[in-house]
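Subject: Structure handover

Hello,

Here is the structure I promised to pass on. Please open it first, then read the notes below alongside it.

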Amino acid sequence: MKPITKLFHQINVPSLRIRLTLGIAAFSTLGLSSLGLWTTWKMQQILINSHKQYIEEIATNLPRDISLYSEMLPQEQAIDKAINKSTINNTYLWVKTSNKDLIESNNLSSLSQSTKNELVSLTNMPIQPYIYKVKENYFILCSSNVKLNNHLQRNSQENSKENIQGNLQGKISIAQDITKDQKMFLSMVQSIIIGYFLVITFILITTSIYIKYSLKPLHQISKIAEDIKLEEISEVSLHLNNPPQELEELANTLNIMLSRLSQSWEKEKEFVSNVSHELRTPLTIIHGYLQSLLRRQQNLTEIQKEALEIAASETEKTIKMLQDLLNLARADNGHLHLNIQPILLNELVSEVKEMTQKYSGRDIEVLANDKNIIVKTDSTHLKQLLLNLIDNAVNYSNPSTPIIVKFHQEKKVVIIQVCDQGEGISLQHQSRIFERFYRIDEARSRSNSSGVGLGLSIAKTLVEAMGGSISVRSKLGEGSTFIISLPAFMN
């Protein structure tokens, strides 16, 4: 049993349903096979023993019958009489004396010479009562050594010495033709095998269906868990239809876990919102004082000037990060203010191009198939979104390569693409790149001023808030393309 269990552990089968079905099928096959083999063996033994008892009885009585008939008949006739008396249909007898004489029953001559010779040759060896196949027939053979009275042996010069000694050795052999019974037995075994495979097939099908039905609550749990969104976690609860006790306990445990996660998420959002709000004001004041000091740089040494510039730059970054966190917190709480209205996308992209070229010094190319594309969105947040994506492209591409912004309209959707010719993003990063604070290896960034991993998360939040979607298409060594889909304005 242990090797079979070990084998199932080694087989990597992803589906629990398949594992259970294969396991039950394997153990059912093992059990039914063992039962079938034992039943077949037992039936064969019963068949052999039923004939063996009769053959042994003949072998026991034959010497006595020969002795009785020898008192009334000549020796040859006595043996023939005794043999033929013990012979019935399908039973063949022969006696082989120690001087190699063979005395056989009359019906033995009805067999073919080759069959008779093979039977005689089998009884020349030590044999056990068993079913032997000779040509196309099946026989049970039995033979034993017996003592024959000396007057039953032929008187000759060669055995005169043995006559003086008393009894001489002979060998009685009996063969019973059980072809009909054996063929019936084999036919029955064949029917059992066919029935066995039908039963195994039935077990497999019914087991698979039953396991599938039994695992439905697990699929329900998986489906509910898959559809859970972080912002909706407080409203999610697992309710199963008539589940087993174990799965009901699992569902209750998951509901408790979801409740705790919801509480933790609410506390985290509240903390982020409070911290972002409380820190933004003093940092803005500090940044203002630093800028004021830098404007009076004639009284500053180069070291002081450099220190103030670094402090102002880091303060500005921190203020931007806090503003991003505050926007995320507002979006999570449903308090992100949006002013959705039709805007001319061509003008907005041109404005973004001028801004990014000015602060990054990079070449920004704009490609548009249509002259005027109107999109329903919040202009301020769309501008922030594009700035974040272009800034991301600047950080992860070679300064000598251009950043390409393409947009066009497809029926009711406007598609905007921000493309770079950087190193690209591997698949393992693409699946997580829009997570908060998730950053690709900093060594890949060509900018020392890379953010904290909120830019793409902010972009995703803004796009979804405006009723659109964002995705990435990238290949290592060839660059990345971020694709934004927004609803178009329809007259």
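Start with K383. Its relative accessibility is 21%, so K383 counts as partly exposed. The cut-off for buried is under 20%. Bear in mind that this is a predicted model.

K383 has a salt bridge to E351, with 2.7 Å between the closest N and O atoms. E351 sits in helix α10 and K383 in helix α11, so the pair ties together parts that lie 32 residues apart in sequence. E351 is partly exposed as well, because its relative accessibility is 37%.

**Overall picture**

The protein chain has 13 helices and 12 strands. Of its 491 residues, 38% are buried. Take the contacts with a separation of 6 or more: residues 24 or more positions apart account for 67% of them. The accessible surface of the chain is about 29800 Å². Carbon and sulfur atoms hold 54% of that surface.

**The other salt bridges**

The structure has 3 salt bridges in total. E351 with K383 is one of them.

Another joins K460 and E464, at 2.7 Å from N to O. Both residues are in helix α13, 4 residues apart, so about one helical turn separates them. E464 has 44% relative accessibility and therefore counts as partly exposed. K460 has a relative accessible area of 30%, so K460 is partly exposed too.

K475 and E478 also form a salt bridge, with their closest N and O atoms 3.8 Å apart. Here K475 and E478 are both exposed.

**The cores**

The largest nonpolar core has 44 residues. Among those with the most contacts inside it are L382, L385, L386 and L389. L345, I416 and I484 are also on that list. Several elements give two or more residues to this core, including α9 (302-333), α10 (345-360) and α11 (379-395). Helix α11 supplies the largest share, 8 residues.

What does L389 touch, leaving aside residues up to four places away in sequence? The list is V418, L456, A459, I470, F482 and I484.

There is also a second, separate core of 24 residues. I58, A59, I178 and V189 are included in this second core.

**Helix α13**

After the helix comes G467, with a positive phi near 85°.

**Aromatic pairs**

The count comes to 3 aromatic pairs. Two are worth a look.

Y196 and F197 form an edge-to-face pair. The centres are 5.1 Å apart and the planes make an angle of 70°. F197 has a relative accessible area of 51%, so F197 is exposed.

How are the rings of F434 and F482 arranged? Their centres are 6.2 Å apart and their planes stand at 90°, so this pair is edge-to-face. The pair links distant parts of the chain, 48 residues apart. F434 is in the loop between α12 (427-430) and α13, while F482 is in strand β12. Both F434 and F482 are buried.

T207 belongs to helix α6 (residues 179-214). Is T207 buried or exposed? At 13% relative accessibility, T207 counts as buried. Leaving out residues up to four places away in sequence, T207 touches T21 and I24.

On the surface, L35, W38 and W41 form a nonpolar patch. Together they have about 380 Å² of accessible area. W41 lies in helix α2 (residues 16-70). Its relative accessibility is 48%, so W41 counts as partly exposed.

Best regards

Key. Residues numbered from 1 in each chain as written. Predicted model: local features only at pLDDT ≥ 70, side-chain atom pairs only at ≥ 80, totals over all residues. Heavy atoms only, no water. Core = buried A, V, L, I, M, F, W, Y, C linked by side-chain atoms within 4.5 Å. Buried < 20%, exposed > 50% of the residue type's maximum accessible area, 1.4 Å probe, protein only. Contact = heavy atoms within 4.5 Å. Patch = residues over 30% accessible without salt bridge, like charges linked within 9 Å, V, L, I, M, F, W, Y side chains within 5 Å. Areas by Shrake-Rupley, 256 points an atom, 1.4 Å probe, with all protein chains shown as cover. Salt bridge = Lys/Arg side-chain N within 4 Å of Asp/Glu carboxyl O. Phe/Tyr/Trp six-rings, centres within 6.5 Å; stacked < 30°, edge-to-face > 60°.
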